[in-house]
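Biologist: Could you walk me through this model, one question at a time? I'd like the cut-offs spelled out as we go.

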Amino acid sequence: MRRTVLRGVGPVLALLATTVGALRAQTLSGVVLEAGTDRPISFAEITILGDTGAVAASTFSDGEGAFSARLPRAGGYQIYAVRLGYYASVSEFIDVVKGEDIAVAVRLQPKPFETDSLTVEVSPPVSPLERVGFYDRMKAGVGSFFTREDIEAKTVAQHTLADVIREAPGVRIDTDRYGKNRVAMATLQGVCAPYLIVDGLTLQPPWEDVVNVGDLEGVEVYPRVSQVPSEYLLAARTSGCGVVVAWTRIGLGRR
């Protein structure tokens, strides 16, 4: 006479039901559940191991978490269950008598998602003057450079851009007939009036009153055409003189 046996076999197996439909020979069936929630786990891989460790049967849980495997003979068996995202589980030995159908519940403990350590490198913020190449040209050692700190550190009152650069080598400040200070540069051919390039815009002299000193972020002075960087060479060749390059906070913000 065929018997249906329902039994619990340790913390990962639990009593499932009171009756199981009769199948041919001895059958081990059950359901795979998530520990703590009893949510059915589908597509869990079920491997049934004999008492010698050999694989007696293998299958997968279906969409409802159910599985069933026909055993080749009576004896002791273990259930090995594994599913991505869960810790693998191995049951205690289950004694199966010839003709018995046994139903169990297998519970898998969720496994926290693990990743390799992540290193985040954050580049230091780039200053506006650095973005326009100001410091690269300064490192080249050609010309005179004034940063915002340099301008604010001067003790002499500065009313115009001419006051800022008056001490730069190759620069001389002349006064026109209206009493205005005008920037001039000495060359082998004499004295010339340089162009001003402010935030990338080229201005012809006179330009000394165009820029508000309080808006200046940086100033570059190249008194000779041979010293002028390639990006400003057109203005130098047009004027036949060196150039003054000014960067303002407003202009750099737009860039």
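Biologist: Is Ser91 buried or exposed?

Modeller: Here buried means under 20% relative accessible area, exposed over 50%, and partly exposed in between, using a 1.4 Å probe and protein chains only. Ser91 has a relative accessible area of 3%, so the label is buried.

Biologist: Before we go on, what am I looking at?

Modeller: This is a predicted model, with residues numbered from 1 along each chain as its sequence is written. Local features need pLDDT of at least 70, side-chain atom pairs count only at pLDDT 80 or more, totals for chains, interfaces and linings use all residues, and side-chain values use heavy atoms, with hydrogens and water left out.

Biologist: Which backbone nitrogen lies 2.9 Å from a polar atom of the side chain of Ser91?

Modeller: Ser91 sits in the loop between strand E8 (89-90) and strand E9 (94-96); helices (H or I, at least four residues) and strands (E, at least two) are DSSP runs, numbered from the N terminus. At 2.9 Å from a polar atom of the Ser91 side chain, the backbone nitrogen is that of Ile79.

Biologist: Which residue of strand E11 forms an aromatic pair with Tyr222?

Modeller: Rings of Phe, Tyr and Trp (its six-membered ring) pair if their centres lie within 6.5 Å; planes under 30 degrees apart count as stacked, over 60 as edge-to-face and the rest as tilted. Phe134 and Phe145 are edge-to-face, 5.3 Å centre to centre with 90° between the planes. Another edge-to-face pair has Tyr222 at 6.0 Å centre to centre, again with 90° between the planes, and its partner is Phe145.

Biologist: Which residue of E17 is the bridge partner of Phe145?

Modeller: Two strands pair if DSSP finds at least two bridges between them. E11 and E17 pair in the antiparallel sense over four bridges. In E11, Ser144 and Phe146 point one way, Phe145 and Thr147 the other way, and all are buried. Across in E17, the bridge partner of Phe145 is Glu220.

Biologist: Why does Tyr222 count as buried?

Modeller: Phe145 counts as buried because its relative accessibility is 14%. Tyr222 also counts as buried because its relative accessibility is 1%.

Biologist: Which cysteine does the disulfide join to Cys192?

Modeller: A disulfide is a pair of cysteine sulfur atoms within 2.5 Å, and the structure holds one. The S to S distance is 1.9 Å, and Cys192 is joined to Cys241.

Biologist: How many residues apart in sequence are the parts that this pair ties together?

Modeller: The link of Cys192 and Cys241 is right-handed, with 65° about the S-S bond. Cys192 lies in strand E14 (residues 190-192) and Cys241 in the loop between helix H5 (233-239) and E18, so the parts tied together are 49 residues apart.

Terms used. Polar contact = N/O pair within 3.5 Å; in protein donor to acceptor, adjacent residues only side chain to side chain.
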